[in-house]
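Hello,

Here is the structure you are taking over. Have a look at it first; my notes follow below.

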Amino acid sequence: MSQKLSENRLDLLDTLESESIHIIREVVAEFERPVLLFSGGKDSVVVLHLATKAFWPGKVPFPVLHVDTGHNFPEVIEFRDRTVEKLGLRLEVASVQDYIDRGVLQERPDGTRNPLQTLPLLDAITAGKHDAVFGGARRDEDKARAKERIISLRDEFGQWDPRNQRPELWNLYNGRHLPGQHVRAFPISNWTELDIWRYIEREGIELPPLYYAHEREVYQRDGMWRAVGPVSEPTPDEVVETRLVRYRTVGDMSCTGAVESPARTISDVVIEVAASTLTERGATRADDRISEAAMEDRKKEGYF
Amino acid sequence: MPEITQTLAQARTLLRFATAGSVDDGKSTLVGRLLHDSKAVLVDQLEAVARTSAERGFGGEAGGLDLALLTDGLRAEREQGITIDVAYRYFSTSERSFILADCPGHVQYTRNMVTGAATADAVVVLIDARKGVLEQTRRHLSVVALLRVPNVIVAVNKIDLVDFSEQVYNDIVTDLAKITNGMRMDDVHVIPVSALEGDNVVERSTKTPWYSGPTLIELLEQLPAIDEIENNHEAFRFPVQLVIRPQGGLAPSVDADEFRDYRGYAGQISSGEIRVGDSVEIAPGNFKTKVVGIDIAGKSVEHAFAPQSVNLRLAEEFDVARGAVIGATNTLPESVNLIEAEVFWLDPRSAEAGARVLVKTGTSTVQGIISQVIGRRNLDTLAIDPAEKIEVNDIAHVLIKLATPQPFDDYRDNRRAGAFLIIQPQDGATLAAGIHTNLELVNFSI
Ligand SMILES: Nc1nc2c(ncn2[C@@H]2O[C@H](COP(=O)(O)OP(=O)(O)OP(=O)(O)O)[C@@H](O)[C@H]2O)c(=O)[nH]1
Ligand SMILES: [Mg+2]
């Protein structure tokens, strides 16, 4: 190695930020009607933050879509509405409860609604004529997600075909598709959970309060702390206690577990995540514990 | 706790690397070993691997770990014990953060290997010590040479199965040298490893006393990333993604009076650097002007460089839209409508002269016609054999006519400004990865 190396080097977070902004701008430039899946969870909050940077001083030029399972934490819905209002965005809501009320979807025996999100999501994409759907999925979350392209084609049925993905070369993204098809775009594919937290710290990004340690009434189920709530009632044998907990992911109350944690501030969380010995999904998501290929199967059907 | 905060505060750099090599040479196992030995595997992931390994009877009674399961994440991959598509994994050491792309070795999935290698700062090519250099090894090395991946490491794997023999290693080094010299690749590092047992991956082996070079992780920690190498000598290039002219659509948080007339060109600097006050030229149109401002999401800066995403403000307003390229004055190549190119064909449908295609480069997509197929690379001799047709997995030389002239750099001078995709106009499939280059310069042979 005899070449002289440049002094111009970006650090990790700047490199990731720059790549994500490039992706978000490409999608906006090449698609007619993009939409961002926004749950109020940390990953979608970071994608939205990156979008505000990508189009500054203009406003974010696409609406956000929330698939509301009806099992959300109230703090998260409040945060969602406040964020959308602050940025002057339009919010589209696809409601799982509506589908259940209309008899189109049936409640599952295990009570979780996560797998029920796919149909309302696909209908909302069709109704909104969205040809590109931004998601906050990261490749480090799960081994099926580790295989996903940044711009990933979905057929008319919203299906992902992992054995037949388009090659993706350099930073040249090919989003061409036939009528009825759409793409999922994952601008933070290459970020890890720790990168996300370090970035939240660096940028001072606001999150729903349940990401930080708080006292909550919880009980143990499947080795996780579940919150006591209308859709997550303990059985008579499950003992309810008050513990200092926080959430590493924010999904449904009915399938997301809390972890015991004293981390009350962003920097406490950064330190905790760096030292963690479990993945965020392994620690907190009942839905992914079903089988080794739970995520792959849901993604093939059109889940995000 | 203070120790951890310190490492977190450190400004780390990123290295992207990919694996390559023939099927079953041990790529996924090596990746698993690297993750495992650098303590990047979390407890629940390891438990899942241990469960599946035991169910499959891996390692017999002793109950070893099939570390390939850490990246072979698809159901079909686990069932067949092969890799089908690239898996991306993330880990860091105290020196650096890594994005690792574990690629498939199977010929049928070569398109996925090209995907993994295209953005890599380094590629680790595996060779099974018992088998030596195979056709697929030469194909992958050709892809690596074609893409001009700046750092190439060859891991002579399964050295445990040849009794850690120096002779076997030396023979492979000699074979390789013929090929890599033929491809004009320099600085190829060859390391004897056992992915299964961990020799020379993260831990230095005691069984290869004849090898004094670095371990794999030591190399990966030191190798320069593409932008570190190229930012010095490549001219400024900035493909315009969008024009940001918010007028009525300002973000609620910005001052309306100050930004009502804002006009910025949004893009990612693809090479070189730029300062406020620098002279630039723009293609198409051949406009010349100066940069009066560089904004990174609301912060104005004096200086920016690849690969930063920025807004550029120019002294004069021209008709500049998506697809335009802004470059340092007197450095943009002349726009041309006939290019020489080396292409890697990724689609099962073959192509001949006369094929109508789309060519996507930077932020512009134009119509094109493959006007001549010159020939395709023979993987034994590396020479270009005359051919009329391009088939899947071929590396071919072609001439392409473009409907609109483009300021194409030679890929050898400028990676991001010389690369393109060939797209099928009807169904939108990516048919090929291409590089624009003077074909005289890529006449390899052994
Ligand atoms: N003895 C020995 N066996 C190894 C070594 N590395 C890999 N193997 C075995 O070789 C076989 C293939 O390993 P993989 O890691 O799946 O190979 P691969 O190169 O990823 O294969 P593809 O991705 O399908 O191209 C497995 O049975 C491994 O356990 C090694 O260093 N020594
Ligand atoms: Mg493999």
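A residue counts as buried here when its relative accessible area is under 20%. Keep that cut-off in mind for helix 2 of chain B, where Lys27(B), Ser28(B), Thr29(B), Leu30(B), Val31(B), Gly32(B), Arg33(B), Leu34(B), Leu35(B) and Asp37(B) are buried. That is 10 of the 11 residues in this helix, which runs over residues 27-37. One caution before going on: the model is predicted.

What do the buried residues of helix 2 of chain B pack against? Four strands of chain B take part: strand 1 (14-21), strand 2 (87-92), strand 3 (97-102) and strand 4 (122-128). Helix 8 (216-222) of chain B is also packed against them. After helix 2 of chain B comes Lys39(B), with a positive phi near 60°.

Next, the two chains together. Chain A puts 70 residues in contact with 97 residues of chain B. The pair buries about 7,300 Å², and carbon and sulfur atoms account for 59% of that. Three residues stand out on the chain A side: Trp56(A), Lys147(A) and Trp170(A) supply 13% of the area that chain A buries against chain B, more than any other three residues.

The chain A and chain B interface holds six salt bridges. One of them joins Arg16(B) to Glu19(A), with the closest N and O atoms 2.9 Å apart. Which element gives the largest share of the chain A side? Helix 1 of chain A does, with 11 residues. By type, the chain A side divides into 28 nonpolar, 19 polar and 23 charged residues.

Now inside chain A. The domain assignment gives domain 1 (12-193) and domain 2 (212-300). Their centres are 23 Å apart, taken over C-alpha atoms. In contact are 26 residues of domain 1 and 22 residues of domain 2. About 2,200 Å² is buried between the two domains, 52% of it from carbon and sulfur atoms.

Two salt bridges are counted between these domains. Glu75(A) forms a salt bridge with Arg216(A), the closest N and O atoms being 2.8 Å apart. Three residue pairs are in polar contact across the domain interface. On the domain 1 side, helix 2 (42-55) and helix 3 (74-87) of chain A each give two or more residues. Helix 3 of chain A has the largest share, three residues. This side divides into six nonpolar, eight polar and 12 charged residues.

Best wishes

Key. Residues numbered from 1 in each chain as written. Chains lettered and ligands numbered in written order. Predicted model: local features only at pLDDT ≥ 70, side-chain atom pairs only at ≥ 80, totals over all residues. Heavy atoms only, no water. Domains from an automatic or database assignment. Contact = heavy atoms within 4.5 Å. Buried area = accessible area lost by both parts, 1.4 Å probe. Salt bridge = Lys/Arg side-chain N within 4 Å of Asp/Glu carboxyl O. Polar contact = N/O pair within 3.5 Å; in protein donor to acceptor, adjacent residues only side chain to side chain. Nonpolar A, V, L, I, M, F, W, Y, C, P; charged D, E, K, R; others polar. Buried < 20%, exposed > 50% of the residue type's maximum accessible area, 1.4 Å probe, protein only.
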